[in-house]
Protein chains: 2
Amino acid sequence: MDEVKVSCPATIANMVCGFDILGFALEEPKDYILLKKTSKRGISIKHIDGYGLPETPEQNVAGVSLLELMDHIYDGIGFEMVIDKRIKPGSGLGSSAASAAGAVVAANHLLGNVFSNNDLVKFAMAGEKLASGVKHADNISPAIFGGITLIRSIYPLDIVSLDGPPFYVTVIHPQIELKTSDARQILRKEVKLKDAIRQWGNIGGLIAGLMKYDYDLIGRSMEDVIIEPMRSILIPRFDELKKSCIEVGALGGGIAGSGPSVFMLSKDEEVAEKVRRVMKEIYSPLGFDFHIYMTKVNYKGVEIVD
Amino acid sequence: MDEVKVSCPATIANMVCGFDILGFALEEPKDYILLKKTSKRGISIKHIDGYGLPETPEQNVAGVSLLELMDHIYDGIGFEMVIDKRIKPGSGLGSSAASAAGAVVAANHLLGNVFSNNDLVKFAMAGEKLASGVKHADNISPAIFGGITLIRSIYPLDIVSLDGPPFYVTVIHPQIELKTSDARQILRKEVKLKDAIRQWGNIGGLIAGLMKYDYDLIGRSMEDVIIEPMRSILIPRFDELKKSCIEVGALGGGIAGSGPSVFMLSKDEEVAEKVRRVMKEIYSPLGFDFHIYMTKVNYKGVEIVD
């Protein structure tokens, strides 16, 4: 078998209070990658999505991730990759991670699964470095492992899969591009110890809440006193959006990754639908396009579809 | 029934990476408090332990906690309290929290349990404020609830009981006094964001490890890049002690609260005994007294014994 098609899920990093350490995968949206192993060395990339992304391997997140993987195998083979990207770049929904994760999972499949998931995360982080300037794994890990993941540590890499109760996830993606590298620049390099303590209380609460299936605790813990106050100023009507969604019953939520998408978790489908309506009402008058996803947590990660 | 005797457990705050948010109770050592309800207003306190602690209610941690509780009940009663303190003040083992927690749990018992555990934590925090200048609950909460507790938030108070696998706890208490208020002063008010991220990864790992009964993850996560590097300089031969204990099989450990006691967690009794021997070997030549406790996590908290 020399060809495989994979679906690559969108992911939401941070999960409000867990900057750089938490992330989860979504059922929708997802990219598709068709990967073919060839006897011709090197990589060729073709995008069939119209986003105008670079097709030179060294400038393409899936390309550099695959090059990183190829450094660890025998010489003399190559890959042809066709990427159908449906997660818009710059959405905050892990668009680059989806490509990077998809490429390495697909290649590993064609190579007889010689690499562990941890290896694959390391390879795909090369893609994240290209996209954002920083090797972070909070989108890559859930894209590869599925579900909700904790990055306890990057060096050495230590990924923990977390349990959690069922959620409905409502995501609004305003069609304005925000680059992760820009969103990182507005962060301060130092934080107050008292804010850090509040943050780690919330992280503890969120993880305990997930493991205990305690929806209320999960909701109370999705509070970010460090990153959100700085990043939310880049997102139109963020405070009103968040407050209104929680008023109609959402457990909580916040900025997806570095934004501009905003997600909300709900216990029931009915509430998730109310959240969708609230998001639409608030964003409709603003005069730019947006898309709302009604989805769930994806526990499979990148999947072989063909 | 107008009289009750309670045992009040020692507690270990922080659990290495969870500064101000995590704590757990120990089987040993423990204080004892005999509390009598009287028809004479006010509080009288007698210490029978020889530590020379103040017996004026307003200057005694058990006294101020009880006064705080009495602000919330009808007038016209009083209490006589006899405290047999066996947890040495300034040990880092929650000596003040034991007295504060014991006093309010005993009083609540005599009043027909009109207050919730959360109420009692709030009252007892008045004692912690007197002892350390700060209202913190990371010793009080496990002393009252038992087991391992997370303080998600102080304002509003949000305490989460955490599950965890069985542990053996070895604690060395060098007989040098270190005041919590001094140990707090050496802390910086700002921390690097990258250190905070590493810390919250570890907190997440520790809590996930506890809930999953994953000893290795618990061990890996007991790393503190913020507080320990500053506070450990006050503790003789700390780095050598920690390294040697882990070499003989301890899962991990660190400073108990603000020190000077140091604790280590082990999975097996045999390892805990090796840890005890290592601690003794390292501290014996240093020329000051120390005491080593071999104990376990106490899941009951303050207990009625009579």
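Strand β8 (residues 190-192) of chain A pairs with β8(B) in the antiparallel sense over 3 bridges, where two strands count as paired if DSSP finds at least two bridges between them. Lys192(A) has Glu190(B) as its bridge partner in β8(B). The model is predicted: local features need pLDDT of at least 70, side-chain atom pairs count only at pLDDT 80 or more, and totals for chains, interfaces and linings use all residues. Residues are numbered from 1 along each chain as its sequence is written, and chains are lettered from A and ligands numbered from 1 in the order in which they are written. Helices (H or I, at least four residues) and strands (E, at least two) are DSSP runs, numbered from the N terminus.

Between the two chains, 33 residues of chain B are in contact with 33 residues of chain A, a contact being a pair of residues whose C-beta atoms, placed from the backbone, lie within 7 Å. On the chain B side, two or more residues each come from β5 (148-153), β6 (158-162), β8 (190-192), α6 (193-212) and α7 (215-221). Of these elements, α6(B) gives the most, with 13 residues. By class, the chain B side divides into 17 nonpolar, 8 polar and 8 charged residues; Ala, Val, Leu, Ile, Met, Phe, Trp, Tyr, Cys and Pro count as nonpolar, Asp, Glu, Lys and Arg as charged, and the others, Gly among them, as polar.

Chain A has 10 helices and 12 strands. Its radius of gyration is 19 Å, which agrees with the value near 19 Å for a compact globule of 306 residues; the radius is taken over C-alpha atoms, and the globule rule is 2.2 Å times the number of residues to the power 0.38. Buried residues make up 54% of the 306 residues in chain A (buried: 20 or more other C-beta atoms, placed from the backbone, within 10 Å of the residue's own; exposed: 12 or fewer; partly exposed: in between). Of the contacts in chain A with a separation of 6 or more, 73% are between residues 24 or more positions apart.

In chain A, 4 strands form an open antiparallel sheet in the order β9-β10-β7-β11. The edge strands, each pairing on one side only, are β9 (252-255) and β11. Neighbouring strands are turned by 15 degrees against each other on average, direction ignored. Strand β7 (residues 168-174) has 7 of its 7 residues buried. Tyr168(A), Thr170(A), Ile172(A) and Pro174(A) point one way from β7(A), and Val169(A), Val171(A) and His173(A) the other way. Antiparallel pairing joins β7(A) to β10 (residues 262-266) of chain A by 5 bridges and to β11 (residues 290-296) of chain A by 7 bridges. Tyr168(A) stands opposite Ser266(A) in β10(A) and has Lys296(A) as its bridge partner in β11(A).

Helix α9 (residues 238-247) of chain A lies across β9 and β10, running at about 160 degrees to β9(A). Angles run from 0 to 180 degrees between N-to-C directions, and axes are lines fitted to C-alpha atoms, for helices over the stretch in contact. Helix α10 (residues 269-283) of chain A packs on the sheet, touching β7, β10 and β11, and its direction makes about 15 degrees with that of β7(A). Elsewhere in chain A, helices α2 (residues 95-110) and α3 (residues 117-132) pack at about 145 degrees, with their axes 9 Å apart. Their contact has 9 nonpolar, 4 polar and 1 charged residues.
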